[in-house]
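Hi,

Here is the structure I promised to pass on to you. Have a look at it first, and then read my notes below.

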Amino acid sequence: QVQLVESGGGLVQPGGSLRLSCAASGNRISISAMGWYRQAPAKERELVATIRGGSTNYADSVKGRFTISRDNAKNTVYLQMSSIRPEDTAVYYCNAEVKTIWTMTYSNYWGQGTQVTVSS
């Protein structure tokens, strides 16, 4: 029912910047939290950043370099990536914690992912 669509990935040079976007859509839902995760080849998915209300949480590896923000009116979350390193190369996935108003239940949804490649 809920659809998350990521965009903004691509090829970026070390030290460069990139902004990822994730737009959520669905009927009769309330999004309580959103976040970004990433997965490199042969590695486990890891948390990058989350936002719940005005509170944010970051992985130690991205603190001071990445910034997560949210536009509630557009149901969109962003990840501003700066001082990008080769180790940031991964598929980045958007996640949303969603409450269905009708049933008053919570569920998590994932986007399809967007590739970020850091190379000279």
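This is a predicted model: local features need pLDDT of at least 70, side-chain atom pairs count only at pLDDT 80 or more; totals for chains, interfaces and linings use all residues.

Residues are numbered from 1 along each chain as its sequence is written, and side-chain values use heavy atoms, with hydrogens and water left out.

Leu 79 also turns up in the largest nonpolar core, which has 31 residues; Leu 79, Met 34, Trp 36 and Tyr 92 are the ones that touch the most other members. By nonpolar core I mean a set of buried Ala, Val, Leu, Ile, Met, Phe, Trp, Tyr and Cys residues joined through side-chain atoms within 4.5 Å. Buried is under 20% relative accessible area, exposed is over 50%, and partly exposed is in between, using a 1.4 Å probe and protein chains only. Strands β3, β4, β5, β7, β8, β9 and β11 each supply at least two residues of this core, and the largest share, five residues, comes from β9. (Strands are DSSP runs of E with at least two residues, numbered from the N terminus.)

Now for the disulfide, meaning a pair of cysteine sulfur atoms within 2.5 Å. There is one by this rule: Cys 22 and Cys 94, with their sulfur atoms 2.1 Å apart. The pair links distant parts of the chain, as Cys 22 is in β3 and Cys 94 is in β9, 72 residues apart. Both cysteines are buried. The torsion about their S-S bond is about -85°, so this disulfide is left-handed.

Next, follow β4. Eight of its 11 residues are buried, so β4 is largely enclosed by the rest of the structure. Strands count as paired if DSSP finds at least two bridges between them. β4 pairs with β9 in the antiparallel sense over 10 bridges, and Tyr 37 has Tyr 93 in β9 as its bridge partner. β4 also pairs with β5, again antiparallel, over five bridges, with Gly 35 opposite Thr 50 in β5. Six residues lie between the strands in the β4 and β5 hairpin, where Ala 42 takes a positive phi near 65°.

Cheers

Technical notes
Helices (H or I, at least four residues) and strands (E, at least two) are DSSP runs, numbered from the N terminus.
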